[in-house]
Structure formats: C-alpha cells, structure tokens
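Here is a short tour for a reader who is new to this structure. Keep the sequence and the 3D view side by side while reading.

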Amino acid sequence: MTDLNEYECELLDAVLEAFGIPDSLTRLQLLNLFDQDEAAAFAMVQVLTREGLITKSGTHGDYELPEKLILKPKGEKFLKQGGFTRRYHTEQQKPLEIGSTLAKLQQQNLRLQNLKLANETEISSLKKKVNDMQTRQYIWWGLILVALITGLFIGQMLNS
C-alpha cells in the first residue's frame, strides 16, 4: 500500500465507485474511466486484484484488460469504510518510525548512554592513575635530588 500516492488512491476509489448496481464493469467502461489508457487501467486492475477486491472474468491475455470485472463483497465493504484514500491518509498520519523500530532506537540509545558512562568512568580511573604516577615521579626526582645533595655534602666533608 505504501507504494501508492494520494492520486492513485483516489483513482482506485473512483474505479470501485464506478461498479454501480450490477457490481461489474466491462472492459469498455473501464477504458472510458481511464481515457483509453489501457496501461494505467491495467495497473489499477492489478492493484485491485492483488487486494482481493475484484475478480476478472472473460478472455484476456497476460497484459490485457479482462472483458469484465466483478466487484467482490469485500470491495464494497472496503469502499464503504473509506477505501484507499482513507487508508492512505491513515498511513500518512502515523509517525515514520513506530513500533519495533522505535523500541530498537530506544534500546540503542540506552546502550550508548551506558557505554558513555562506562567510558567516562574508565577515563576518570585512568586520569587518577596518571596523577598517581606523576606524584611518584616527583617523589623519585625529589629523592634523587636529596641523595645527590647528601652525596655532595658528604664529599665536601671528607675532602675538608
């Protein structure tokens, strides 16, 4: 259904409405509806057949219109419920991403938030380790400096 535009939906409803009292359309009546455009008429008949709203009757080839189309009760009921136009407008009002797709996006969002939190925690832990290592390095440099100064003092005392 999503491959039909609003004009095509209105056209399909017009075809269904054209069936009238005998609940049938001849090939000539159908061609008159489509201004003798057999390709367009054939495409619309294919949609109506696929939806199970009509049946074909009479001799016809694979790519020809049948001699007669018969409206099924399902087709009449479908038209009374608003037909293709109502279905089209109903689908247009639905959000583009619904149901499972929305749930998948929410799950992915939650997973990404958890991943972000885990990464922030790991970054914090690594920063703490770096700070600890820098502190140790300063302590070692301080001890080396103290040892060097102590060595110089001892050396000066022994030479004097």
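Which residues does Arg 27 touch, not counting residues up to four places away in sequence? They are Glu 38, Leu 65, Pro 66 and Glu 67. Arg 27 itself lies in helix 2. The model is a predicted one.

**The core**

The largest nonpolar core holds 25 residues. Six of its members touch the most other members: Leu 16, Phe 19, Leu 30, Leu 48, Ile 54 and Phe 84. Helix 3 gives the largest share, six residues.

Take Leu 30 as an example from the core. Leaving out residues up to four places away in sequence, Leu 30 touches Val 15, Leu 25, Ala 41, Val 45, Leu 65 and Leu 69.

**Helix 1 against helix 5**

Two packed helices are described by the angle between their axes and the distance between the axes. For helix 1 and helix 5, the angle is about 155° and the axes are 6 Å apart. An angle over 145 degrees counts as roughly antiparallel. Helix 1 and helix 5 are therefore roughly antiparallel to each other.

Which residues meet here, in helix 1 and in helix 5? Helix 1 brings Glu 6, Cys 9, Glu 10, Leu 12, Asp 13 and Leu 16. Helix 5 brings Gly 83, Phe 84, Thr 85, Tyr 88 and His 89. The residues of this contact divide into five nonpolar, three polar and three charged.

Helix 5 has four buried residues to look for: Gly 83, Phe 84, Thr 85 and Tyr 88. Their cover includes helix 1, helix 3 and helix 4 (73-80).

**An aromatic pair**

How many aromatic pairs does a search of the whole structure find? It finds one. Phe 78 and Phe 84 form this pair, and their arrangement is edge-to-face. The rings are 4.8 Å apart, centre to centre, with 75° between the planes. Are Phe 78 and Phe 84 buried or exposed? Both are buried. Phe 84 is also among the core residues that touch the most other members.

**The loop between helix 2 and helix 3**

Next comes a loop with backbone angles worth checking. Asp 35 is placed in the loop between helix 2 and helix 3. Gln 36 is in the loop between helix 2 and helix 3 too. Asp 35 has a positive phi although it is not a glycine. Gln 36 likewise has a positive phi in a residue other than glycine.

| Residue | Phi |
|---|---|
| Asp 35 | about 50° |
| Gln 36 | near 65° |

Is Asp 35 buried or exposed? Its relative accessibility is 68%, so Asp 35 counts as exposed.

**Out along helix 6**

Arg 111 sits in helix 6 (residues 100-159). Its relative accessible area is 48%, so Arg 111 is partly exposed. Now look at distances between C-alpha atoms. Arg 111 and Pro 22 are 89 residues apart along the chain, and their C-alpha atoms are separated by 60 Å. Arg 27 and Asn 131 are 104 residues apart along the chain. What separates the C-alpha atoms of Arg 27 and Asn 131? The separation is 87 Å.

Note on methods. Residues are numbered from 1 along each chain as its sequence is written. This is a predicted model: local features need pLDDT of at least 70, side-chain atom pairs count only at pLDDT 80 or more; totals for chains, interfaces and linings use all residues. Side-chain values use heavy atoms; hydrogens and water are left out. A nonpolar core is a set of buried Ala, Val, Leu, Ile, Met, Phe, Trp, Tyr and Cys residues joined through side-chain atoms within 4.5 Å. Buried means under 20% relative accessible area, exposed over 50%, partly exposed in between (1.4 Å probe, protein chains only). Helices (H or I, at least four residues) and strands (E, at least two) are DSSP runs, numbered from the N terminus. Contact means heavy atoms within 4.5 Å. Rings of Phe, Tyr and Trp (its six-membered ring) pair if their centres lie within 6.5 Å; planes under 30 degrees apart count as stacked, over 60 as edge-to-face and the rest as tilted. Axes are lines fitted to C-alpha atoms, for helices over the stretch in contact, and angles run from 0 to 180 degrees between N-to-C directions. Angles under 35 degrees count as roughly parallel, over 145 as roughly antiparallel, 65 to 115 as roughly perpendicular and the rest as oblique. Ala, Val, Leu, Ile, Met, Phe, Trp, Tyr, Cys and Pro count as nonpolar, Asp, Glu, Lys and Arg as charged, and the others, Gly among them, as polar.
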